[in-house]
Amino acid sequence: MADRAPHKRLAITFKFARNSENGRGNGRSTLRWPGGTKRPLESRRNRFLQQEWLPGCPNLVPQELLDKYLHRFNQICDGEVRAPGVTVMKDVAYAKTKRPLGDRTVNKLQNFEDDEVLFSYCELPQIVKYVACFTGPDVKSVHTMLINKPPDPGTMTSRHPLHQDLHYFPFRPANRMVCSWTAMEKVHKKNGCLVVLPGTHYTPLLQHYYPEWEGGVNAMYHGIKDYDASIPLLHLEMNAGDTVFFHPLLIHGSGANQTTGFRKAISGHYASSHCYYIDVRGTIQEHIETEVLGIARKKLGEDIDVSFADIWRFKSRLVQGNEGTL
Ligand SMILES: O=C(O)CCC(=O)C(=O)O
């Protein structure tokens, strides 16, 4: 780490050249880390929303913390530690096989808000500082993930289809939510780095479906069919500890891991405590509500009386400031 500048000096923002006609990117295929400029945080938020900015901070999370998260991941994955509430997801290629849980079969852990080791990522001051630029001072964690992305089993099921995170959230406004995504190791095209469609945080929420992939699709990996294919994909190649922050309408996904190693990342979704729940019935989000409630009933019993909003309330956890309506 000694050869890398501390994040404070490099608190910078990715700039995608803006086409003033349509507000879209210039199609650079690989993310660059431009030279640092320090900007007041509120102005950073405005730039993010009004222009094409994807805030990215090199080396924001130190290696010793990434090692701690990795160790915890392995403990949970191997069954050495029981982490209440954590969902351990196997790649669909292994889901119906007898292959045990392990780092070769698990594609992600979700909902680690009750695991103090992993949740400490969501509370890191250097992360919350940026998050609060978008959410305001009253910050709630609403969703948590450690994505393992093991080597693709040969089915291409390690891909994550292009989607907008807002599709999953029954609350608003979108401009008061943000995702932090930190690479836990070097991520690049070959191991399935994040890909984004720059500028799409201006688009409305689009219809999501399960993609029709030959090898199958992981549970809840919904994708957008009708995105603007003329927008060039941007690959976010990053080093361990580098972090990006992105808007819930930004279209993003990730490629297959075509290496023999992993492509780990840790990620938190945050919202202002003052966001409000919406009723998604009759909207394009209705089917995600049906699917989530179906899973909850399977796990907890057919007769449970729980709403989509209750599920999100249950897994949300205050990170900073005061409770509100979320
Ligand atoms: O890390 C990845 O591969 C993408 C994860 C993602 O976008 C998600 O789970 O919503």
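Let's start with helix 2, and with what it hides. Tyr69, Arg72, Phe73, Ile76 and Cys77 are buried there. Keep in mind that this is a predicted model. Now look down the axis of helix 2. The buried residues fall within an arc of 130 degrees, so they line one face of the helix.

What sits on the face turned away from that buried side? There you find the exposed residues Glu64, Asp67 and His71. So much for the two faces.

Which elements cover the buried residues of helix 2? The cover includes strand 3, at 87–90, and strand 4, at 106–110. It also includes helix 4, at 116–122, along with strand 5 and strand 15. Strand 15 runs over 265–272.

Now the length. Helix 2 covers residues 63–77, which is 15 residues. From its first C-alpha to its last it reaches 21 Å. That is close to the 21 Å expected at 1.5 Å a residue.

And what comes after helix 2? Gly79 follows, and its phi is positive, near 80 degrees. Asp78 lies in the loop between helix 2 and strand 3. Is Asp78 buried, exposed or partly exposed? Asp78 has 13 other C-beta atoms within 10 Å, so it is partly exposed. Asp78 and Gly102 are 24 residues apart in sequence, yet 5.6 Å apart in space, C-alpha to C-alpha.

Next, the whole protein. The secondary structure comes to 7 helices and 17 strands. There are 326 residues, and 44% of them count as buried. What about contacts? Take those between residues at least 6 apart in sequence. Of these, 84% join residues at least 24 apart.

On to the core. The largest nonpolar core has 61 residues. Which members touch the most other members? They are Val131, Leu146, Val178, Val196 and Tyr270. Helix 5, residues 125–135, gives the most to this core, with 7 residues.

So look at helix 5. It is mostly covered, with 8 of its 11 residues buried. The buried ones are Ile127, Val128, Tyr130, Val131, Ala132, Cys133, Phe134 and Thr135. After helix 5 comes Gly136, and the phi of Gly136 is positive, near 90 degrees.

Now the ligand. Which residues surround it? Met145, Ile147, Lys149, His160 and Asp165 are among them. Leu194, His252, Ser254 and Ala265 complete the shell. By type, the shell divides into 4 nonpolar, 3 polar and 2 charged residues. Where do they come from? Strand 5, at 139–147, and strand 14, at 252–254, each supply at least two.

Now a few backbone details. First, a cis bond. The peptide bond from Arg172 to Pro173 is cis, with omega near 0 degrees. Pro173 has its place in the loop between strand 7, at 171–172, and strand 8, at 177–183.

Asn111 is one, at about 60 degrees. Asn111 lies in the loop between strand 4 and helix 4. It is partly exposed, because 18 other C-beta atoms lie within 10 Å. Met220 is another, with phi near 75 degrees. Met220 lies in the loop between strand 10, at 208–209, and strand 11. Met220 has 16 C-beta neighbours inside 10 Å, so it counts as partly exposed.

Last stop, Leu233. Where is Leu233? Its place is in the loop between strand 11, at 223–224, and strand 12, at 234–236. Why does Leu233 count as partly exposed? Because it has 17 C-beta neighbours inside 10 Å. Not counting residues up to four places away in sequence, Leu233 touches Val195 and Leu197. Pro198 is 35 residues from Leu233 in sequence, but the two are 7.5 Å apart in space, C-alpha to C-alpha.

Notes: Residues numbered from 1 in each chain as written. Predicted model: local features only at pLDDT ≥ 70, side-chain atom pairs only at ≥ 80, totals over all residues. Core = buried A, V, L, I, M, F, W, Y, C linked by C-beta atoms within 7 Å. Buried ≥ 20, exposed ≤ 12 C-beta atoms within 10 Å, placed from the backbone. Helix = DSSP H or I, 4+ residues; strand = E, 2+ residues; numbered from the N terminus. Near = placed C-beta within 6 Å. Nonpolar A, V, L, I, M, F, W, Y, C, P; charged D, E, K, R; others polar. Expected span 1.5 Å × (residues − 1). Arc of directions from axis to C-beta. Contact = placed C-beta atoms within 7 Å.
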